[in-house]
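The sequence and structure are shown first.

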Amino acid sequence: MEYEPSLEVVPVVEMMENIKEEFLFPQRISLAMAYVPYQPFNNLYDPETSLKRGTIFKALDMPFMGGKGLRK
Amino acid sequence: MNNDRAQMLRRLQEADFAMYEAVLYLDGHPTNKMALAFYDKAAKAYCDLKEKYEMTYGPLTIQNASGPSWTWIQGPWPWQNEMEE
């Protein structure tokens, strides 16, 4: 039986909106394994902002908000 | 440390950081063309800035410390670093 991964359950944040779904995950994945979505190389900060935010990737600029997971 | 120098050092740190971000990405995505192009650009920016900085203010790393005299000891020492942020 083929397992059809549902992208619905993946917490795809707004930064991933413009990425085609097939690039996020391999089409066939195994159960009971943890996966990290494919990270695209786009949406970059300029060097000055990058150093301040600690990442060049806007999508990875995720400050810890005390467990609330909200962006400021 | 004067303002120009601090500013230039800051630009250098930014270029260095951008370059290493690309390095980390490329470790996991070694054939990504955009990342490769970004790395090339960032590495060149870093080298250019470093050269420019060292020409004006002296060596940042020991490999470039040699000269007519031992330029490494020309200040400021780390504990004399007044650059803040």
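## Chain A

Chain A has two helices and zero strands. The model is a predicted one. Of the 72 residues in chain A, 7% are buried. Among its contacts with a separation of 6 or more, 23% are between residues 24 or more positions apart.

## Chain B: overall form

Chain B likewise contains two helices and zero strands. Its C-alpha trace spans about 45 × 30 × 20 Å along the principal axes. The radius of gyration of chain B is 15 Å, whereas a compact globule of 85 residues would have a value near 12 Å.

Buried residues account for 14% of the 85 residues of chain B. When contacts in chain B between residues at least 6 apart in sequence are considered, 46% join residues at least 24 apart.

Helix H1 of chain B covers residues 3-28. The buried residues of H1(B) include two glutamates, Glu14(B) and Glu21(B).

H2(B) is 25 residues long, and the distance from its first C-alpha to its last is 35 Å, close to the 36 Å expected at 1.5 Å a residue. Four of its residues are listed as buried: Ala35(B), Phe38(B), Ala42(B) and Tyr46(B). The buried residues of H2(B) pack against H1 of chain B. For Tyr46(B), the contacts beyond neighbours within four places in sequence are Ala15(B), Asp16(B) and Met19(B).

## The nonpolar core

Which residues make up the largest nonpolar core? This core has 12 residues in all, drawn from both chains. Leu51(A) and Ile56(A) come from chain A. Chain B supplies Ala15(B), Phe17(B), Ala18(B), Met19(B), Ala22(B), Tyr25(B), Ala35(B), Phe38(B), Ala42(B) and Tyr46(B). At least two residues of the core come from each of H1 and H2 of chain B. H1(B) gives the largest share, six residues.

In soluble globular proteins, nonpolar side chains tend to be buried together.

## Contact between the chains

How many residues of chain A are in contact with chain B? Seven residues of chain A touch 10 residues of chain B. On the chain A side, four of the contacting residues are nonpolar, two are polar and one is charged.

## After H2 of chain B

Gly58(B) follows H2(B) and has a positive phi, near 100 degrees. Gln74(B) is also in the segment after H2 of chain B. Is Gln74(B) buried or partly exposed? Gln74(B) has 13 C-beta neighbours inside 10 Å and therefore counts as partly exposed; a residue needs 20 or more to be buried, and 12 or fewer to be exposed. Gln74(B) lies 15 residues from Pro59(B) in sequence, and their C-alpha atoms are 9.0 Å apart in space.

Key: Residues numbered from 1 in each chain as written. Chains lettered and ligands numbered in written order. Predicted model: local features only at pLDDT ≥ 70, side-chain atom pairs only at ≥ 80, totals over all residues. Contact = placed C-beta atoms within 7 Å. Nonpolar A, V, L, I, M, F, W, Y, C, P; charged D, E, K, R; others polar. Expected span 1.5 Å × (residues − 1). Core = buried A, V, L, I, M, F, W, Y, C linked by C-beta atoms within 7 Å. Rg over C-alpha atoms; globule rule 2.2 N^0.38 Å.
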